[in-house]
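Subject: Structure handover

Hello,

Please find the structure below. My notes on it follow.

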Amino acid sequence: MVAPAVALMNFIKTYWVLSSYDGLQHVQHIVPNGCAGIIFYRLGVVSMSGAGEANAALAGTTMQPIEILRKGQAEMIGVQFSEFGLRVLLGFPADEVYQKVSRFDAFSDKGLMELEDRIMTAASVPQCFTLLDSFFLKQLAKTKMNQFNLQRINSVLKNIKACPESFNMKDYASAACVSPRQLTRIFEEYVGISPNDLFRLYRCNSAIAKIRKVKESGYKLTEIAFECGYYDLSHMNAEFRSICGATPKNILLSSQTERGNYSWGLERE
């Protein structure tokens with residue numbers, strides 16, 4: 001994980017790099033976390049659900065897992081936006097790419113296409129991060145931000161993160177000084193999904209974090225379900241199948257054999 005330039009930290013959570021040299025085929029299911037992202041594949045043959053084979057793709061906010069098939073050596077450079085970072089830095093509504101994984105040529109954006117070329121031909125990984133900082137700082141400089149909407153979104157994010165096991169739309173809207181309908185419209189434009197759907201993702205990822213520690217804590221899945229605000233284990237199972245593409249038990253068994261970071265992806269070989 002690599003931090004972006006200080007001026008970008010409200011809009012980009014992290015840059016990251018992942019390398020694989022085993023030469024094998026991997027199928028990876030990316031667990032949604034409420035944030036859009038960009039992935040560049042500098043090595044290897046990669047096919048992404050919705051985009052097909054591509055050197056680079058933008059993944060919008062989604063409520064379903066994204067599947068990536070990669071073969072051979074791979075060097076991946078990634079950008080994880082904040083919940084509203086894509087809207088601010090790329091300039092188009094986040095709901096336009098909801099549930100989509102798109103190649104850069106789908107956006108008719110010369111800047112993105114040039115960025116892809118530069119990342120793919122960069123001499124080193126550190127140079128890639130320098131190129132990303134330069135690109136997004138230029139994007140930020142020409143952005144006209146609605147600070148009121150960003151404040152409203154941050155208010156809701158703070159409340160959901162503070163209490164990821166319960167949701168109250170009326171209270172969140174009241175704190176943001178807008179109606180529930182207006183708040184939903186703002187979230188769909190800036191985040192790509194409604195406040196309620198974002199709450200569901202946060203709750204799911206909170207449960208995943210607890211499941212990964214279950215071996216040390218001695219918790220049972222039923223206890224985790226109630227603690228995270230699910231009605232019962234069946235409710236948590238249904239949410240996990242939809243959002244993660246796996247059941248809590250699948251994740252528990254995999255985490256015990258240390259086979260992946262499930263806040264980012266659930267990987268099968």
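Helix H4 (residues 147–162) and helix H7 (residues 195–212) pack at about 35°, and their axes are 10 Å apart. The model is predicted: local features need pLDDT of at least 70 and side-chain atom pairs count only at pLDDT 80 or more, while totals for chains, interfaces and linings use all residues. Residues are numbered from 1 along each chain as its sequence is written, and side-chain values use heavy atoms, with hydrogens and water left out.

Helices (H or I, at least four residues) and strands (E, at least two) are DSSP runs numbered from the N terminus. Axes are lines fitted to C-alpha atoms, for helices over the stretch in contact, and angles run from 0 to 180 degrees between N-to-C directions. The crossing of H4 and H7 is right-handed (the near helix is turned clockwise from the far one by less than a right angle). Leu157, Ile160 and Lys161 of H4 meet Pro195, Leu198, Phe199 and Tyr202 of H7, where contact means heavy atoms within 4.5 Å. By class, these residues are six nonpolar, one charged and no polar (Ala, Val, Leu, Ile, Met, Phe, Trp, Tyr, Cys and Pro count as nonpolar, Asp, Glu, Lys and Arg as charged, and the others, Gly among them, as polar).

The second largest pocket holds about 190 Å³. A pocket is an open set of points on a 1 Å grid over the protein atoms alone, with protein on both sides within 12 Å along at least five of seven lines, and lining residues have an atom within 4 Å of a point. The volume is the space filled by probe spheres set on the points, which are joined across faces, edges and corners. Helices H2 (110–121) and H3 (125–141) each supply at least two lining residues, and H3 gives the most, with five. The lining has three nonpolar, three polar and four charged residues, including Glu114, Arg118 and Phe135.

Two backbone angles are worth a look. Most residues other than glycine have a negative phi. Gln99, in the loop between helix H1 (85–90) and strand E7 (101–103), has a positive phi near 60°. Ser108, in the loop between E7 and H2, has a positive phi near 50°. Gln99 is partly exposed at 33% relative accessible area, whereas Ser108 is exposed at 75% (buried is under 20%, exposed over 50%, partly exposed in between, with a 1.4 Å probe and protein chains only).

Lastly, Ile30 lies in strand E2 (residues 25–30) and is buried at 10%. Ile30 and Pro65 are 35 residues apart in sequence, with their C-alpha atoms 5.2 Å apart.

Regards

How values were computed. 1 Å grid on protein atoms, 1.4 Å probe; cavity = no way out; pocket = protein on both sides within 12 Å on 5 of 7 lines; lining within 4 Å.
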